[in-house]
Amino acid sequence: MHNLQPIPVRKSIPIQKVLRPSVLLIGVTMSLGAVAWAQEPPSASGGTPKTKIQVNFLNPCHPAAADAEEMGRALARLKERPRFSSDFEISRGVTTLTEAEARAAGVSSGRGPSSWVRIRHEFPEKAPLSDAQYTLSIEGAGAGESLALHLRDSREVLQVLISDAVTGSASLAVQVNTPPERIRVERFGKSSIVLARCAGIDQSAYEPIFQAAGDILEKYRAAMGIKLIVPAELVRLPGVKESKGEDSGAKEPGAKKSKASGTHH
């Protein structure tokens, strides 16, 4: 008979006890690797690229020839006499300008509150323009006019702004058809085009643009009844002393007085 030797039995080691140190070791190794990677400075060639900032400088005294041509085309779209819809709004008020607002409006800050009269007209749905807004503002001893025309198709031009300024009575700016001093064309996705009157600089090449802007401003003054409405609204503002004139008491036909700040229809 063969002698059967008993087979030695080894004690089983719980798998959990073996895996815990391994998992802990792997976790510590990965954590150390992540810390080392985070603390590693970027190389000279593979570092994070710096952000590039592009700044565009406007030269309102001498815009580029291409910009001047584009401004002329934008004004040519506005040369027709405006034909408004029946919706309009007239408002007035007194506003204290902040330094940023005064700079954006092109007036000097610290001149006290600004008294203003604003007239807005809507256009029919099929018109190339959506609305027109005229504003006369008085700051200190000066007054300024601005006409903002918003185009309905804004793929190229968003707004055309024509403005002027006079020293003295606000009635002077309204009654004598003050020529424009600044023209701004705001474009979609591009920087604005600006042309301004500059003393002591030859701007004869831009006279057709100034003339076109002046014709547009004069047509809208007449169509919006500026000479009749604005003086009548100015005398209702506190602290504004303007002579009423012969036509100051005239009101736009069909207009209704609003309890808020002006006339609405």
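The structure holds one disulfide, a term used here for a pair of cysteine sulfur atoms within 2.5 Å. This is a predicted model, in which local features need pLDDT of at least 70 and side-chain atom pairs count only at pLDDT 80 or more, while totals for chains, interfaces and linings use all residues. Residues are numbered from 1 along each chain as its sequence is written, and side-chain values use heavy atoms, with hydrogens and water left out.

**Disulfide**

- The bond joins Cys61 to Cys198, with an S to S distance of 2.0 Å.
- Cys61 lies in the loop between helix H1 (15–39) and helix H2 (65–76), and Cys198 in the loop between strand E7 (193–196) and helix H5 (207–223), so the pair ties together parts that are 137 residues apart in sequence.
- Helices (H or I, at least four residues) and strands (E, at least two) are DSSP runs, numbered from the N terminus.
- The torsion about the S-S bond of Cys61 and Cys198 is about -85°, so this disulfide is left-handed.
- Cys61 is buried, at a relative accessible area of 16%, and Cys198 is buried, also at 16%.
- Buried means under 20% relative accessible area, exposed means over 50%, and partly exposed lies in between (1.4 Å probe, protein chains only).

**Whole chain**

- The protein chain has six helices and nine strands.
- Of its 265 residues, 33% are buried.
- The chain exposes about 17,700 Å², of which carbon and sulfur atoms supply 56%; accessible areas come from the Shrake-Rupley method with a 1.4 Å probe, and for residues only the protein chains shown count as cover.
- Among contacts (heavy atoms within 4.5 Å) between residues at least 6 apart in sequence, 58% join residues at least 24 apart.

- A nonpolar core is a set of buried Ala, Val, Leu, Ile, Met, Phe, Trp, Tyr and Cys residues joined through side-chain atoms within 4.5 Å.
- The largest such core has 44 residues, and Leu75, Tyr220 and Val230 have the most contacts inside it.
- Helix H5 gives the most to this core, with six residues.
- Leaving aside residues up to four places away in sequence, Tyr220 touches Leu78, Pro82, Phe84, Phe123, Leu129, Ala132, Leu147, Leu149 and Ile226.
- Helix H6 (residues 226–234) is mostly covered, with seven of its nine residues buried.
- The buried residues of H6 are Ile226, Ile229, Val230, Pro231, Ala232, Glu233 and Leu234.

**Aromatic rings and charges**

- The structure holds two aromatic pairs; rings of Phe, Tyr and Trp (its six-membered ring) pair if their centres lie within 6.5 Å, and planes under 30 degrees apart count as stacked, over 60 as edge-to-face and the rest as tilted.
- Phe84, Phe123 and Tyr220 form one aromatic cluster.
- The charged end of Arg118 sits over the ring of Trp116, 4.3 Å from its centre.
- Arg197 lies over the face of Phe210, at 3.8 Å from the ring centre.
- A charge sits over a ring if NZ of Lys or CZ of Arg is within 6 Å of the ring centre and within 35 degrees of the ring normal.

**Selected residues**

- Arg77 is in the loop between H2 and strand E1 (88–95) and is partly exposed, at 41% relative accessible area. Arg77 and Leu129 are 52 residues apart in sequence and 9.5 Å apart in space, C-alpha to C-alpha.
- Arg92 is in strand E1 and is buried, at 19%.
- Thr96 is in the loop between E1 and helix H3 (99–105) and is exposed, at 59%. Thr96 and Ser114 are 18 residues apart in sequence, and their C-alpha atoms are 5.9 Å apart.
- Arg155 lies in the loop between strand E4 (142–151) and strand E5 (157–167) and is exposed, at 66%. Arg155 and Gly189 are 34 residues apart in sequence and 8.7 Å apart from C-alpha to C-alpha.
- Asn177 is in the loop between helix H4 (170–175) and strand E6 (182–187) and is partly exposed, at 24%. Asn177 is not a glycine, yet has a positive phi of about 55°. Most residues other than glycine have a negative phi.
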